[in-house]
Amino acid sequence: MLILHFWLNPTVVVAFIFIIIVILILFIIKSIVPLTREKPITTTSHIPFKEYSKLMREDRSGLILPLLLAVNKFIFGTSFLYIPLYFTEIIKGSLLELGIMLSTETIAISLASSLSKFISDRLGNVTTLAMTRILAAITYALLYFVKSPVIFILINWVGTLFIAMDNVPEVSVISKMKTANLSMSLIDSVSTLLSISSPIIALYIWVNISPATIFLLSLLVIIPSILMFKYKVD
């Protein structure tokens, strides 16, 4: 019973899953084989709408990938919308600890670009996007089990790092599309429209289910992220 109680301890569960994630990342990076670089597709800045439609039909990734990226942004935006409130009200973190958490987020964002560039150069942009989205989804879901402010800050830092690693590969992927301008505007438009409902969905879950359940919502990102592997642009 003592051993069972030890393994069911939330801190032990979080630590165990984190070790698995770290091992997974190290294994992927270690087993990387340099990919052959393909010549980027020249983007066209002024294309009539009919031409855009034709290009979309010819290259479905120009439509599907931006939509998948937009859906991912929406799910993540909903799942960590109330993180500061959850940290102070549920975890009972102090204002000092909240300030530390926000500072660590800034550090994670500053480190993300160089790290994502390193990985995307070896795995490819789409693979990097999909992989970091899946890892971020798992990381944020772990917050459901956390009660300690220190562990919460640590997990949130790792999640922020994975989230921020989308900028370099995303820009690279979109820039290689024949419909780059339309694809980028599609991501922004769909993300903006979906984000309107994010506060309502998050608030409904907070009030009617439980505040911690919001973090489990991030696991839905795994579905569109797996679908992304099918569409190779780089």
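**Entry: annotated spans**

I began with residues 95-116, where the chain is 100% helix and 0% strand and the end C-alpha atoms lie 31 Å apart. I noted that the model is a predicted one. I had picked this span from the UniProt record, an unreviewed entry, which annotates residues 6-29, 63-83, 95-116 and 149-165 as "transmembrane region". I then looked up residues 149-165, which are 94% helix and 0% strand, with 24 Å between the end C-alpha atoms.

**Entry: the nonpolar core**

I asked which residues of the largest nonpolar core touch the most other members. The core has 38 residues, and the ones I was looking for are F76, I83, Y86, F87, M101, L143 and F152. Next I listed the elements that give two or more residues to this core: α4 (61-79), α5 (83-89), α6 (95-123), α7 (125-141), α8 (149-164), α11 (198-208) and α12 (213-216). Helix α8 gives the most, with 8 residues.

I took L143 and left out neighbours up to four places away in sequence; L143 then touches I83, Y86, F152, I155, N156 and F215. Apart from this core I found another, of 9 residues, including L69, V126, V173 and M228.

**Entry: L161**

I turned to L161, which lies in helix α8. Is L161 buried or exposed? Its relative accessible area is 10%, and the cut-off for buried is under 20%, so I wrote L161 down as buried. Leaving out residues up to four places away in sequence, L161 touches A108, L111, A112 and L115. I also checked L161 against S113: the two are 48 residues apart in sequence, while their C-alpha atoms are 9.3 Å apart in space.

**Entry: helix α7**

I looked at the length of α7, which has 17 residues. From its first C-alpha to its last it reaches 24 Å, close to the 24 Å expected at 1.5 Å a residue. This helix is mostly covered, with 16 of its 17 residues buried.

**Entry: salt bridges**

How many salt bridges are there? I counted 3.

I looked up K73 and D166 and found their side chains meeting at 3.4 Å, N to O. K73 is in helix α4 and D166 in the loop between α8 and α9 (167-175), so this pair ties together parts that are 93 residues apart in sequence. K73 is partly exposed, at 33% relative accessibility, whereas D166 counts as buried at 15%.

I moved on to R133, whose side chain also meets that of D166 in a salt bridge, at 3.9 Å, N to O. R133 is buried, at 4% relative accessibility. I recorded K73, R133 and D166 as linked in a network of salt bridges.

I finished with D121 and K117, whose side chains meet at 2.7 Å, N to O. Why are they separated by about one helical turn? Because they are 4 residues apart in helix α6. D121 is partly exposed at 27% relative accessibility, and K117 is partly exposed at 41%.

Notes. Residues numbered from 1 in each chain as written. Predicted model: local features only at pLDDT ≥ 70, side-chain atom pairs only at ≥ 80, totals over all residues. Heavy atoms only, no water. Core = buried A, V, L, I, M, F, W, Y, C linked by side-chain atoms within 4.5 Å. Buried < 20%, exposed > 50% of the residue type's maximum accessible area, 1.4 Å probe, protein only. Contact = heavy atoms within 4.5 Å. Expected span 1.5 Å × (residues − 1). UniProt positions renumbered as here; feature names shortened; annotations may be inferred. Salt bridge = Lys/Arg side-chain N within 4 Å of Asp/Glu carboxyl O.
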